[in-house]
Amino acid sequence: MLKKISVRFILLEWVFLVIVIGGSIVLYGVFAPAYYSSYKGGIIQQAFEDIKETDFKNLSEEDIAMFLEYEKENLSFTIADGNMNSIYTTKSNEEHVIYRNIELKLEQYSENPQIINKNSKRSKTLKLLGIVRQDGVPYYVCIRDKVENVYSSFQITEKFMMVMFVIALAIGSLLMYLFSRNLARPIRNVARVAQRLAERDFEEKADENGGYEEVNHLAKCINCMSGQLQDYVEQIEESQKQLLNQNIQKERMEKARKDFIANVSHELKTPLAVISSQAEMLQYVGEKEREYYCLSIMEEVTKMSEMVGNLLDISVMEHYMEEIKKEPLLMNDLISYMLMKYDALMKKKKLTIQTELEENCYILGDREYMEQAISNLLMNAFEHTGQQGNMVISLKKVDEGIRFTVYNDGSRIPEKNLEKIWKSFFRKENEEATLGHAGIGLYIVQSVVHLHGGKYGAENKEHGVEFWFTMPALER
């Protein structure tokens, strides 16, 4: 587990740096020169528009000041009349400049000039060759800007960014390795205790004094559950001794005991997997998302603590659910929230998730228990969907109210078991079926739906199974 998390953290760090820094280098190399050329082209065009407003027969001091301001932007000007008499030149050798920039290129001059980007082995130049007519007299205007020095700066900057990219990659990889190793250790210890608990070994306890508050809370819950489970198992074993002469009842109790322990371990591993996947994502999300993941982990731990009490005694759970507090719930927002919480877990299994959530689907219900029912259906589908499989989650308004469905690819359920799977601790009897034990997950779903006045069911589809429930709609 430690090695897997470390490698994944480093790979994610590489991907992040390649996308952010590597992408920045590529974008800079591709677009920076073009942006600079566009920017300088705009200045040249503006300079030409300003020149068109000057009186070439009588240049004022204000006109000369304008030329000087543009020359600070590295522009050079050559302006001559139709007889090639100099009106204004940036360089002192007027006759040579006029001959080279105007007389040799008269056919390129236009009254509606465009920016010309000239690249050669010796230089890179932006220029505009325009004609301005005043009182019927043509004046030739050449505006130039040499940009090769700026392009050299671009190349130096790219090399520097490449060096920084390599340094960041090396340092980031080291930090990610150290962090992942430190993060994985307490999670691995808790997972080992959970595995021992699934094997009915109650001696080992999880460390409650680690460096992460959420993991410490989870460890306390597991230790508490371990003691309660040990007492519960001892009570069952004592009952078995008293029922030695009643074979049928003894077999029933033994079956219930095995189912209970198997389902407890099942219900425990699911939030552990969620916490582990969300913890792995903490270093690669923004501040806002990181806060969400931390709150989600703490919420998952809190819910697991409540789940432990519910798992120990189904009758107690039903008693609590009679005291549900109903309030208006927006189901599409609630389902979107649950999908976001399990997003990392779904991606880890490379599942394709399709959602069809209709807006404004309100019901009157208890948010905590509705979350548990939705979560149980999602995780039931997740567990029975193979790697890179498909899940379809939908929510829509129907005549009966609000209908929520979860479809997953996988083996179909024998028709004779479609009703039995909703019972607590149901286990398949046909070895050819692949449903496995439904545990108390679907039992909780049917209990929640029943207490909310809804209906539930499961249907076999061509390539999988669809679970559903309906709730009375709340008009808003």
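Y109 is buried, at a relative accessible area of 6%; buried means under 20%, exposed over 50% and partly exposed in between, with a 1.4 Å probe and protein chains only. This is a predicted model, where local features need pLDDT of at least 70, side-chain atom pairs count only at pLDDT 80 or more, and totals for chains, interfaces and linings use all residues. Residues are numbered from 1 along each chain as its sequence is written, and side-chain values use heavy atoms, with hydrogens and water left out.

Y140 is also buried, at 14% relative accessibility. Y109 and Y140 make an edge-to-face aromatic pair, with 5.5 Å from centre to centre and 85° between the planes. Rings of Phe, Tyr and Trp (its six-membered ring) pair if their centres lie within 6.5 Å; planes under 30 degrees apart are stacked, over 60 edge-to-face, the rest tilted. The pair links distant parts of the chain, 31 residues apart: Y109 lies in the loop between α3 (94-101) and β3, Y140 in strand β5 (residues 137-146). Helices (H or I, at least four residues) and strands (E, at least two) are DSSP runs, numbered from the N terminus.

## The sheet

An open sheet is built from 5 strands in the order β2-β1-β5-β4-β3, with antiparallel pairing. Two strands pair if DSSP finds at least two bridges between them. β2 (86-89) and β3 (116-119) are the edge strands, each pairing on one side only. From one strand to the next, the twist averages 20°.

Helix α2 (residues 61-71) packs on the sheet and touches β1 (75-81) and β2; contact means heavy atoms within 4.5 Å. The direction of α2 makes about 140° with that of β1. Axes are lines fitted to C-alpha atoms, for helices over the stretch in contact, and angles run from 0 to 180 degrees between N-to-C directions.

N119 stands opposite K124 in β4.

## Aromatic contacts

The structure holds 8 aromatic pairs. F67 and Y88 are stacked, because their ring centres are 4.2 Å apart and their planes at 10°. F67 is in helix α2 and Y88 in strand β2, 21 residues apart. F67 is buried at 0% relative accessibility. Y88 is buried at 12%. Both rings belong to one aromatic cluster, F67, Y70, F77 and Y88.

## Charges over rings

K349 lies over the face of F382, at 4.5 Å from the ring centre. R403 lies over the face of W468, also at 4.5 Å from the ring centre. The criterion is NZ of Lys or CZ of Arg within 6 Å of the ring centre and within 35 degrees of the ring normal.
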